[in-house]
Amino acid sequence: MKLILSLIGVVLLIVAAVYFLMPADQLPSFMPGHEAGVARVHTKHGIVAGAAGIVLLVAGWWLGRR
C-alpha cells in the first residue's frame, strides 16, 4: 500500500509540474484542460494535482511507519 500511494503521489507531482510549466495548447490531448489556441497556464489544475500528490506521499510515509 505504501508503494502504491507513493508512486501515485510522485505521478501527481509530475502532472502538477506539467500544468504549471506548459500552456493549455501544449498540454497532451488526454489531459483535462487541453485547449487549442489558448496560451494560459492552468494554475488551479496544478495546485490541485500538487496538493493531492503531497497528501498521498504523506499518507504513504505515515502508513510505512507502522
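Buried means under 20% relative accessible area, exposed means over 50%, and partly exposed lies in between, with a 1.4 Å probe and protein chains only. Helices are DSSP runs of H or I with at least four residues, numbered from the N terminus. These terms guide the walk below.

This is a predicted model, in which local features need pLDDT of at least 70, side-chain atom pairs count only at pLDDT 80 or more, and totals for chains, interfaces and linings use all residues. Residues are numbered from 1 along each chain as its sequence is written, and side-chain values use heavy atoms, with hydrogens and water left out.

Start with helix α1. The expected span of a helix is 1.5 Å times one less than its number of residues. Which residues of α1 are buried? They are Leu-5, Gly-9, Ala-16 and Tyr-19. Seen down the axis, these buried residues fall within an arc of 80°, so they line one face of α1. The arc is taken from the directions that lead from the helix axis to the C-beta atoms. On the other side of α1, Leu-3, Ile-4, Leu-7, Ile-14 and Leu-21 are exposed. The buried residues of α1 pack against α2.

Two residues of α1 deserve a stop. Ile-14 sits in this helix. Its relative accessibility is 52%, so Ile-14 counts as exposed. From Ile-14 to Asp-25 is 11 residues in sequence and 18 Å in space, C-alpha to C-alpha. Leu-12 also belongs to α1. Leu-12 is partly exposed, with a relative accessible area of 23%. Contact means heavy atoms within 4.5 Å. Leaving out residues up to four places away in sequence, Leu-12 touches Ala-49, Gly-50, Ala-52, Gly-53 and Leu-56. The C-alpha atoms of Leu-12 and Ala-51 are 8.6 Å apart, though 39 residues separate the two along the chain.

Next comes the loop between α1 and α2. Not counting residues up to four places away in sequence, His-42 touches Tyr-19, Ala-24, Leu-27, Gly-33 and Glu-35. Arg-40 lies in the loop between α1 and α2 as well. Arg-40 is partly exposed, with a relative accessible area of 47%. Its contacts, not counting residues up to four places away in sequence, are Pro-23, Ala-24 and Glu-35. Arg-40 and Pro-23 are 17 residues apart along the chain, and their C-alpha atoms are separated by 5.2 Å.

Now follow the chain into helix α2. This helix covers residues 43-64, 22 residues in total. From first C-alpha to last, α2 reaches 31 Å, close to the 32 Å expected at 1.5 Å a residue. Gly-46, Ala-49, Gly-50, Gly-53 and Gly-60 are buried in α2. They cover an arc of only 100° around the axis, which puts them on the same side of α2.

At 0% relative accessibility, Gly-60 counts as buried. Not counting residues up to four places away in sequence, Gly-60 touches Lys-2, Leu-5 and Ser-6. Gly-60 and Ile-4 are 56 residues apart along the chain, and their C-alpha atoms are separated by 7.9 Å.

Finally, consider the two helices as a pair. How do α1 and α2 cross, and within what distance do their axes come? The axes come within 7 Å and cross at roughly 160°. Axes are lines fitted to C-alpha atoms, for helices over the stretch in contact, and angles run from 0 to 180 degrees between N-to-C directions. α1 and α2 are therefore roughly antiparallel to each other. Angles over 145 degrees count as roughly antiparallel, under 35 as roughly parallel, 65 to 115 as roughly perpendicular and the rest as oblique. α1 passes α2 in a left-handed crossing. A crossing is left-handed if the near helix is turned anticlockwise from the far one by less than a right angle, and right-handed if clockwise.
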